[in-house]
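Subject: Structure handover

Hi,

Here is the structure I promised to pass on. My notes follow below it.

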Amino acid sequence: MVSTIQKFTDSTYFTNALKITISAVIPVLVFSYLGYFEIGFTLALGAFFTYPSDIQSNLKHKVNGILVTVFIVSGVNLIINLIHPYPWLFYPLLTVLIFILSMISVYGQRANMVSFSALLSISLAFAHLHTGWKMLEYSGLILLGGLFYLLVSLIFFYIKPNRYIELQIADCIRLTSKYLKLRGDLWELNSNRKDITKKQLELQVELNTIHENIREVLIRNRTNSGSSNQNRKMLIVFISLVEILELAISTSFDHNKLHQKFDDHPKVLKTYQNLAYNLASTLKKISKSIQERSQYVPKHNLINDLQKLEFAINHYENDLGKIEASEGVLMLTTMLHYAEKQVEKIKILERAFTSTINLQDFKGKDKDLEKFISPQYYPLSTLIENLSFSSTVFRHSIRLTITILAGLLIGQLLPFQNSYWIVLTIVVILRQGYGLTKQRTYERIFGTFLGVLIAFGMLSIIHNTTIIGCLAVISMLLGFSFTPTNYKVGATFVTLYVIFIYGILTPNIQDVIQYRILDTLVGATLSFLANHFLWPSWEFLNIPQHLKKSIEANKNYLKQISIFYNKKGDVSTSYRLARKHAFIEIGNLMASFQRMVQEPKSKQNKLPQVYKLTVLNHSLLSSAASLGTYIQSHKTTEASEAFNMVFDKVIENLESAIILLKEDGIELAEQTVSEELSKRFTELKNIRSEELKKSDSMNEEMYKTKMQEAQMVIEQLIWLTNLSENILKTTQLLLKS
């Protein structure tokens, strides 16, 4: 229990909630004491509006983002107050303002949060309308409140400058551990491989997100302020984590074939599974030590686990005899080499957190790191390109604008006490995706009802304003802590906070509760209807684009592998970038599939084919990475003409699938395996027999190496060809009317 509370209070979400709570509570307490409660409350609102834009990044972008938000929210508030007395001017300008503020989210996550802050400012501007000098004074106080929040945020940053990245690294290690654990689960005899694959794909989405967060902070900090020892250490850890994940994805085994071959020798598979689980457990323990700031003490001796696997392989070979066991030993040796590489990477992590890290681990790996992050610039052309119904952001901006105006109109025509709550509910709930809006609608209504029941019960017993004020502060802190991770619980505490504040300020609390429920219901209903009927962004419309990007990223990655195999040498930056984009795009494709599953059944257009293509693309990435990793870590022979021809055929299949997705309705010529390609496969399969003939002239170690390369290259090429053909066929099936 204590460790759970400690973990919660040490989390980034709690820290962020603490920043906004301090920024909002201090002005209210100080100015209330001086007899100017309204000034303190307005400053608190300024901090509240600014808080959403405070997303983690390097210091320069953090400060610039908050400053832009501060001036936008105070400016928006001033504009609303200036034009509100003139209906003929107010409604047209309000429409344009909401639309523009919604559209700026095309510039990414930070712009999206700035947009959200500005829309919050609009919704609450209707609660405090002023005229004359009061307008400037009120907007100025909102600006000062935002600047005060910036000050508090900077203090937190300098108190714990590295804690955010440490927690992100810890989370990344935890997720990578879960991925390795799932790989271990695959070795169970009757494991549900389909379910495990789905979980791996879902984890890929989470890992992609956290990798981008870490890149953004670590690499930009390095670019802007040089490379400190701490930054360098975290980069070593992060690069090692990416390599661990790549190894896990790349080393794909035919589990059916392995079980058929080794079911009569269960000890060897059990030994390997135990090693796989210990790899995952070691990562989990490292993650826990970072989160708890405790000294890392290794629990498992991974070197011993490797030795046990070697003994098991030798025992298997002795049991069957050298000739009969040769194919099985080759498979087991590949598994052993994979495990050795993983142990090597994990040892780098262990050294990083036992203060004995070797900076040689980092040598050469920091080359061209800046190319791995997205450039921060905001060209007007991006906004202009999105001004069409083909843009999801454009459709959402129109939808949001119409819904807010409808909510405002309903609030004015009907006898609502606080009609601005309708607008606020719409801003908070209405999202681009149908599934997320539906989920938020339910969670918002549930949280509001639960919060109202709890608050009503507590206020009927507690009448001391000091106690109610303390409860309001606690509710605010917990509300902001839970909102990013559990919106239902967050909405409950936010409702408690609002009602407690009104409980202090107004005697007729029952009316406040009644209208709070009614406003929430109206806003939630409008949001749900708008997302269903006003140019909805059904995911099946976006799926072809995500499929195209994923197949294209895999194709580019395969091209880089082919270049590397032909030319040898060092791994190029273009190779690493192609690999990164392939990993990101498969995660984006899976995220799109997840959103599609949340939509109505009638809109889940050809869901089985979409999922099959997602799995096929993931398998293709795994096979490509397997070949690429093998080529990097082994001295390979010269690429043959047969290899290049088969590789070209794989790329041709992928290019055909991309053409289909780009130009829906186009007819492609029937894909057949040419006689020449069949000959090349035969030629490739003869590699092994050729090596066997030469076995007398080479030592045993060299013989094993040659055999392993022959087996790896042939099997991966056959697998890549089959996958690319399946991708093409399934794409054709998906696009059939």
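**Helix α13 and its ends**

Just after α13, Gly 321 takes a positive phi of about 95°. Before the rest, the ground rules. This is a predicted model, so local features need pLDDT of at least 70 and side-chain atom pairs count only at pLDDT 80 or more, while totals for chains, interfaces and linings use all residues. Residues are numbered from 1 along each chain as its sequence is written, and side-chain values use heavy atoms, with hydrogens and water left out.

Helices (H or I, at least four residues) and strands (E, at least two) are DSSP runs, numbered from the N terminus. Helix α13 has 19 residues, 302-320. At 1.5 Å a residue it should span 27 Å, and its end C-alpha atoms are 27 Å apart, which agrees. The expected span is 1.5 Å times one less than the number of residues.

Buried means under 20% relative accessible area, exposed over 50%, and partly exposed in between (1.4 Å probe, protein chains only). The buried residues of α13 are Leu 302, Asp 305, Leu 306, Leu 309, Ala 312, Ile 313, Tyr 316 and Glu 317. They cover an arc of only 135° around the axis, which puts them on the same side of α13. That arc is taken from the directions from the helix axis to the C-beta atoms. Phe 311 and Asn 318 are exposed on the other side of α13.

At the start of α13, a side-chain oxygen of Asn 301 comes to within 3.3 Å of the backbone nitrogen of Ile 303.

**Leu 430**

Leu 430 sits in the loop between α17 (420-429) and α18 (434-461). Its relative accessibility is 2%, so Leu 430 counts as buried. Leaving out residues up to four places away in sequence, Leu 430 touches His 396, Arg 399, Leu 400, Thr 403, Thr 437, Ser 527 and Asn 531. Contact here means heavy atoms within 4.5 Å. Leu 430 and Phe 528 are 98 residues apart in sequence, but 7.6 Å apart in space, C-alpha to C-alpha.

**Cysteines**

Cys 172 has 0% relative accessibility, so Cys 172 counts as buried. Cys 470, at 44%, counts as partly exposed.

**Annotated segments**

An unreviewed UniProt entry annotates "transmembrane region" over several stretches, including 20-51 and 139-159. Residues 139-159 are 100% helix and 0% strand, with end C-alpha atoms 31 Å apart. Residues 20-51 are 88% helix and 0% strand, with end C-alpha atoms 6 Å apart. UniProt positions are given in the numbering used here, feature names are shortened, and annotations may be inferred rather than shown by experiment.

Technical notes. A polar contact is a pair of N or O atoms within 3.5 Å; within protein, one must be able to donate a hydrogen and the other to accept it, and residues adjacent in sequence count only if both atoms are side-chain atoms.
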